Amino acid sequence: MSCYIIAEIGVNHSGSVELAKKMIDAAKATGADAAKFQTFTAEKLVSKATPKVKYQEKTTAKEETHYEMIKSLEFSYADHIPVFEYCKSIGLDFISTPYDIESAAFLVSIGVRIFKTASADIVDLSLHEYIAANAEAAIVSTGMATLGEIEQVVNIYRDRRCTLSLLHCVSNYPCAIESLNLNVIKTLRSTFNCDVGYSDHALGQYPAIAALALGASIIEKHFTLDKLMEGPDHKASSDPKEFAVLVRAIRETEISLGSATKLVQEEEMQMREVSRKSLFITDDIKKGEPLTRAMFVTKRPGTGIYESELPVILQCIAATDLVSGDMLKVGDFRLA
């Protein structure tokens, strides 16, 4: 099964339906499987006293409060509908992250069936209860979470028999390479026995490729049309050119990972025949003469008998006169 690639548009649309549609077109053109948004109302999500985190202080106006920033990025419920329908019309999955039960209920009402929850909401158990009861599938981000917190949420989805995937991530934008600990992907898969993906907040494409090699079945990365656009997340997002390179690298990596079965590949056959070594006769040997190790040397090509057969051959005699320099063949020897 191919890795599921999510272009995280998030709030990079800045509340504009037209911009959102342009981003959806661009995401589709890169080869992404889904476009992901965020569904919230500022009043329900943020208290007026909430401070900004460091990356938001660097990427937004200093005089703007956290609440004002969130309010400016709000996508109305009504605006979701044309965006949802547009994704469907071009064959791109629409996913959203609801930040409260009312937002989740709205998404259910318009036909959204795949939900993604934010890392910060690992502790919002009532939200998870609602999603588990109403979604066909849920993708839960695990940034900032302990294994105990993750287990509590996993049990909610298991009890409701909702299809669950976990995403390993580090909740900073961008996050440091040395903080990634991508081996946690294996820990989450073995601990919770479910699909595990990676939400990539690092710069560049290498962490996502490494995550894929470690077994990630979902890769999510923030997406923008232009890193210089106004808003908190553009700078740490991938533009269409970068995202297309990532998608291509993921697909090529999937092909290269191939099967776990060790096979001799068709393209190796000529090299195998030419560069392997076979047994050659070092001196003339008379018919009936016992065969000894000194009578043979290994040389290319590898189309004859391998040295591994010597234990059997050395129990034999020459079946006919053998000539120095010839390759040993089946029929040149027989049991004494």
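Select Glu102 to begin: this residue is partly exposed, with a relative accessible area of 40%. Partly exposed here denotes the range between buried (under 20% relative accessible area) and exposed (over 50%), computed with a 1.4 Å probe on protein chains only. The model is predicted: local features need pLDDT of at least 70 and side-chain atom pairs count only at pLDDT 80 or more, whereas totals for chains, interfaces and linings use all residues. Residues are numbered from 1 along each chain as its sequence is written, and side-chain values use heavy atoms, with hydrogens and water left out.

**Salt bridges**

Lys44 and Glu102 form a salt bridge, their closest N and O atoms being 3.4 Å apart. The pair joins distant parts of the chain, with Lys44 in helix α2 (residues 42-45) and Glu102 in helix α6 (residues 101-109), 58 residues apart. A salt bridge is a side-chain nitrogen of Lys or Arg within 4 Å of a carboxyl oxygen of Asp or Glu. Helices (H or I, at least four residues) and strands (E, at least two) are DSSP runs, numbered from the N terminus.

Next, select Asp33 and Arg251. Their side chains meet in a salt bridge, 3.0 Å from N to O. This pair also links distant parts of the chain: Asp33 lies in the loop between α1 (17-30) and β2 (34-39), Arg251 in helix α11 (residues 240-257), and 218 residues separate them. Asp33 is partly exposed at 24% relative accessible area, and Arg251 is partly exposed at 22%.

Move to helix α5, where Glu85 is found. Glu85 forms a salt bridge with Lys88, and the closest N and O atoms are 3.6 Å apart. The two residues are three apart in helix α5 (residues 77-90), so about one helical turn separates them. Glu85 is partly exposed, with a relative accessible area of 37%, whereas Lys88 is exposed at 53%. For a distance check, select Asp239 as well: Glu85 and Asp239 are 154 residues apart in sequence and 23 Å apart in space, C-alpha to C-alpha. A search of the whole structure finds ten salt bridges.

Select Asp121, in the loop between β4 (114-117) and α7 (125-134). Asp121 is buried yet has no salt bridge, and Lys116, the nearest side chain of opposite charge, is 9.8 Å away. Show the surroundings of Asp121: leaving aside neighbours within four places in sequence, it is in contact with Pro98, Tyr99, Leu127 and His128. Contact means heavy atoms within 4.5 Å.

**The second largest pocket**

Select Met1, Ser165, Asp195, Ser217 and Ile218, which are the closest to the centre of the second largest pocket among the 21 residues that line it. The volume of this pocket is about 430 Å³. On a 1 Å grid over the protein atoms alone, a pocket is an open set of points where a 1.4 Å probe fits, with protein on both sides within 12 Å along at least five of seven lines; lining residues have an atom within 4 Å of a point. Grid points are joined across faces, edges and corners, and the volume is the space filled by probe spheres set on the points. Now colour β5 (137-141), β6 (163-168) and β7 (195-200), the elements that give two or more residues to the lining. By class, the lining has 13 nonpolar, five polar and three charged residues. Ala, Val, Leu, Ile, Met, Phe, Trp, Tyr, Cys and Pro count as nonpolar, Asp, Glu, Lys and Arg as charged, and the others, Gly among them, as polar.

**Backbone features**

Select Tyr173 and Pro174: the peptide bond between them is cis, with omega near -10°. Pro174 lies in the loop between β6 and α9 (184-192). In the loop between β6 and α9, select Asn181 too. Asn181 has a positive phi of about 45° although it is not a glycine, and it is exposed at 51% relative accessibility.

Continue to Met144, in the loop between β5 and α8 (147-160). Its phi is near 70°, a positive value in a residue other than glycine, and Met144 is exposed at 62% relative accessibility.

Finish at Arg300 and Pro301, whose peptide bond is cis with omega near 5°. Pro301 lies in the loop between β10 (296-299) and α13 (310-313).

Key:
Lys and Arg count as positive and Asp and Glu as negative; His and the chain ends are not counted.
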